[in-house]
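This briefing covers the fold of one protein chain. It is meant to be read alongside the sequence and the coordinates.

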Amino acid sequence: MTEPSDWTYVVTDIEVDGPWAGANSMRSFASVATTTDGRTFGEFEAVLEPLPGAAPNPRTKEWFDSEPGTWEAATADPQPVAQVMAGYVEWVRSLPGPRAFAAAPVSFDGTWIDYYLRRFTPYGLHQGPYEEDRLFHGPALCLEA
């Protein structure tokens, strides 16, 4: 049995232009790979192109517009989504295992990362028992108190 200290936690935060994956787009995200004792194995960050046919939610865009510089920071120099997600998979796979995804709240950030992984790669946050090639091992963790 593995101990919590044996795990690499991929702690992730996202920025989106609305509440619904697909209808809206994840505009950027960043992850840091760490252990419970504070060792880090690197970071991954990216700005993504908007999804084809998606549009920012007016209320979400209104919030971004009320916070000077946030829209620009979340959307500057976007990269093709498929390229970003392939790079993310390569980075996660390079980390020591077992690996667990973590976010606050995982029910929101994790849903978006799972959507993008499943749409653009053969992976997800949690994969079925029949899938032997896994990106993450075990359930995603919520860091929100």
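The points below go from the overall fold to the sheet, the helix packing and the chain as a whole.

The model is predicted. Its chain contains four helices and five strands, which follow one another along the sequence as β-β-β-α-α-α-β-α-β.

**Sheet**
- Strand 1 (residues 8–16) pairs with strand 4 (residues 99–103) in the parallel sense, over five bridges.
- In strand 4, Arg99 is the residue opposite Thr8.

**Helix packing**

**Dimensions and burial**
- The radius of gyration is 15 Å, which agrees with the value near 15 Å for a compact globule of 145 residues.
- Along the principal axes, the C-alpha atoms fill a box of roughly 50 × 30 × 25 Å.
- Of the 145 residues in the chain, 41% are buried.
- The chain has an accessible surface of about 7800 Å², and carbon and sulfur atoms account for 55% of that surface.

**Contacts**
- Among contacts in the chain with a separation of 6 or more, 67% are between residues 24 or more positions apart.

How values were computed:
Residues are numbered from 1 along each chain as its sequence is written. This is a predicted model: local features need pLDDT of at least 70, side-chain atom pairs count only at pLDDT 80 or more; totals for chains, interfaces and linings use all residues. Side-chain values use heavy atoms; hydrogens and water are left out. Two strands pair if DSSP finds at least two bridges between them. Helices (H or I, at least four residues) and strands (E, at least two) are DSSP runs, numbered from the N terminus. The radius of gyration is taken over C-alpha atoms; the globule rule is 2.2 Å times the number of residues to the power 0.38. Buried means under 20% relative accessible area, exposed over 50%, partly exposed in between (1.4 Å probe, protein chains only). Contact means heavy atoms within 4.5 Å. Accessible areas come from the Shrake-Rupley method with a 1.4 Å probe; for residues, only the protein chains shown count as cover.
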